[in-house]
Structures are given as C-alpha cells and as structure tokens.
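Okay, thanks for making time, everyone. Let me put the model up and then talk through the insides of it.

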Amino acid sequence: MLTDYDVRQAVEFESHDSPVLSVYLNVDPHRRTVEKYKLALRNLLEKADGANPEDVRRVQNYIEMGYNRTGRGVVLFSCAAKDFWWAQSFAVPVEDTVFVSFRPYVRQLARLLDTYERCGVVHVDQEGARLYLFNMGVLEAADGYLGEEVKLHRSGGWANPRYQRHEAAQARRNLQEAAEMAEEFYRETGTRRLILAGTEKNVARFKELLSNRLRTMVIGQFNADANASHSDIRDKALELAAKAEEKESQMMADLVLATAQQGGAAVLGLVDTLTAVQHGRAHHVVALADYSQHAYRFVDSGLIVLELTEEGDLASGRIQDLPDAVESTLRRALVQSIGVTLVDQHPGLAQAGKIGALTRW
C-alpha cells in the first residue's frame with residue numbers, strides 16, 4: 001500500500017554522482033502474459049542508456065523473482081551505488097517507461113496520484129451503505145452501516161399505503177445514518193474524491209442527505225447490484241475515476257489560463273511556474289503531459305533561465321543544470337504537497353507556455 005512516506009522517499013531522493021534508473025512497467029494480466037511483460041522489460045532496459053548495470057540487474061531480478069504478480073502496474077526506482085531501492089505494485093495501469101537521471105522520474109507517478117489517490121466509494125441500498133476507500137486501486141479502509149431491514153408489505157395483493165410510508169421512512173432513516181457515518185469516515189481518511197454506487201433511486205436519495213462538503217467531492221456514480229463484490233466496485237470506480245480525471249484536467253487548465261489572463265493569482269510558463277513552486281507560492285500546477293524542457297538554475301540567487309548568457313554566467317555565480325525542468329517542477333510540487341495535474345492536450349495552455357499554476361498570492 002502506497003503511503004505519503006513512500007511518495008516522499010521517491011520525490012526527495014537524488015544522486016549527482018551515480019545515476020538513478022526509473023522503470024514503469026505495465027503488467028496488467030488482461031493485456032499481457034508474464035512472458036510478454038518480461039519481454040517488454042528487456043526492451044525497455046535496452047534503451048536505458050547510462051544506467052548502472054547493477055541497477056539493471058536489480059530491476060530484472062525483481063520482475064523475475066520478487067514480483068508477486070498481483071497488480072496491473074509496477075514502478076521501480078534503483079540507485080545501487082547509494083543503496084536506494086523503491087518498488088511499488090499498483091492495482092492501476094501504467095505506461096511502459098524507462099528513464100535514467102540523477103533523480104527518480106516521477107512525472108507518471110504524479111499523474112497516477114492525481115487520478116487514483118484516496119478515492120472513496122459509497123455502495124448504497126435501502127438498508128444502509130458500505131463505505132470503501134481505495135488508494136491507487138488498493139482497498140485501504142472499509143466500514144458500513146446496516147439499518148433495519150426494509151420490506152415491501154402488501155395487503156390483499158396490493159401495496160398498503162400505510163406500510164409504504166413506513167417503508168419509505170425507514171429507508172430514509174437508514175440512509176441518514178449511513179450519510180452521517182460517511183461524513184466521519186471520509187474526513188478521518190483524508191479522502192479527496194467520492195463515487196456513489198447503487199440504484200439511481202437509492203443514490204439520489206442518499207446524495208440529498210450528504211453534507212455540502214461530501215456532495216462537492218462526488219465525481220460520479222454508477223449502477224451496482226446490492227450483492228456486488230468490492231472488487232467489482234473497485235474496477236468500476238477506477239474506470240470512472242480515470243474518465244473524471246480527463247474532464248477535471250481540462251477544467252483545471254482552463255482555470256489556470258483564465259485566472260492568469262485576467263491578472264489573478266496564477267502564472268504561466270516554465271520559469272514563472274518553477275519559481276512559484278520553489279518559493280512556496282504555488283497552489284496547484286498544471287502542465288501538458290509530454291512537455292519537457294532543459295533549463296538552468298543559479299544556485300545562489302535561485303534565478304531560473306532557459307538559456308545562458310555570458311553576462312548571466314558572470315553575474316550569478318554557480319549554475320545547476322536541470323535536464324528536465326518540468327520534471328523538477330513536478331517533483332518539487334509533490335514534495336510540498338502541491339496539487340499536480342497533467343493534461344494530454346489543451347490548445348490554450350500549449351500557446352501560453354505549456355505549464356502554469358494557481359498561486360496563493
């Protein structure tokens with residue numbers, strides 16, 4: 001199970017005298033057999049120019065002998081020279097990627113966190129609700145409320161109005177108790193998003209009883225039988241979360257762009273965004289998913305530039321090379337628990353610098 005400590009380990013580690021090998025491998029059994037993903041790994045490692053051979057061996061050995069074959073995606077970071085090893089298996093898919101640098105490559109990890117981190121699912125029926133918390137597709141916590149059984153009473157073959165009213169009142173009491181439990185459960189677990197499952201009628205009734213805080217967290221709903229297993233609930237929730245993230249990422253890019261253009265608390269472009277992150281001003285970073293850019297940072301002043309000039313070299317002192325300053329921005333944001341959103345396509349953002357951020361001031 002991925003924890004905040006695990007994330008910090010990955011984003012804070014760096015090694016300037018020994019390379020870090022980063023590997024993302026899709027091991028989804030619905031898409032690949034064991035032999036196919038082992039072959040995919042070999043192809044990836046052949047492209048890992050500059051990787052320490054010992055790191056390559058560690059990654060190969062883990063997939064051959066250490067991986068328990070229970071997930072859909074594996075993420076590995078290795079720097080044998082510094083005794084650094086980070087391995088996580090996720091119940092969510094990843095895209096095959098290999099990267100060699102002085103830090104773990106966290107861009108795809110940032111996107112996984114934005115899409116699948118701490119998503120709650122409430123499975124509702126007339127007698128109450130089952131509460132689930134999935135973190136990166138893994139069931140992290142569960143609870144539930146089961147109230148008094150609700151039955152359909154009949155008299156003379158026709159529904160008795162008095163019993164119908166009793167049934168409706170009891171169902172509402174059950175859902176009210178479940179809503180109050182959900183409020184406490186999802187506050188204590190730090191849940192960011194909520195999905196509702198059940199019949200349309202029960203979900204609609206339950207949603208009316210939620211607090212404003214929980215209602216604003218709801219990103220969608222789906223139909224689910226009362227006897228649906230938690231794995232069925234999880235799979236449908238992950239699919240819905242991925243679709244919701246696509247929509248939310250477009251909305252976030254729209255918001256950053258509009259706020260900056262109106263002179264509000266937002267910045268656009270790599271230099272201003274990275275500077276805002278470094279100075280603790282950034283609140284939420286949004287970037288095109290495939291955007292990368294080499295840059296330089298003057299260590300003493302903190303100034304960041306995309307190109308060096310002779311005057312800048314002489315005036316600003318020591319220079320730090322940033323092979324991918326976008327990756328540096330995302331990593332720094334994760335260290336500070338700043339929100340990160342990656343969007344596949346957004347014409348407006350592409351024209352305005354490909355990256356931006358909402359700021360605190």
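This is a predicted model: local features need pLDDT of at least 70, side-chain atom pairs count only at pLDDT 80 or more; totals for chains, interfaces and linings use all residues.

I'll go through the cores and then the pockets.

The largest nonpolar core has 57 residues, and the ones with the most contacts inside it are W86, F90 and V285. Let's stay with W86 for a moment. Which residues does W86 touch, leaving aside its neighbours within four places in sequence? Those would be L2, D6, Q9, A10, V75, L76, F77 and L109. There's also a second, separate core, with 20 residues, including A178, L194, L196 and L209.

The largest pocket comes out at about 770 Å³. It's lined by 28 residues, and the closest to its centre are E117, R192, S337, I338 and G339. Which element gives the largest share of that lining? That's α8, with four residues.

Now the second largest pocket, at about 620 Å³. Here 22 residues make up the lining, and E95, Q108, R111, L112 and D344 sit closest to the centre. This time α4 supplies the largest share, six residues, and α8 turns up again with at least two. By class, you get eight nonpolar, four polar and 10 charged residues in this lining.

Definitions and conventions: Residues are numbered from 1 along each chain as its sequence is written. Side-chain values use heavy atoms; hydrogens and water are left out. A nonpolar core is a set of buried Ala, Val, Leu, Ile, Met, Phe, Trp, Tyr and Cys residues joined through side-chain atoms within 4.5 Å. Buried means under 20% relative accessible area, exposed over 50%, partly exposed in between (1.4 Å probe, protein chains only). Contact means heavy atoms within 4.5 Å. On a 1 Å grid over the protein atoms alone, a cavity is a set of points where a 1.4 Å probe fits but cannot get out, and a pocket is an open set with protein on both sides within 12 Å along at least five of seven lines; lining residues have an atom within 4 Å of a point. Grid points are joined across faces, edges and corners, and a volume is the space filled by probe spheres set on the points. Ala, Val, Leu, Ile, Met, Phe, Trp, Tyr, Cys and Pro count as nonpolar, Asp, Glu, Lys and Arg as charged, and the others, Gly among them, as polar.
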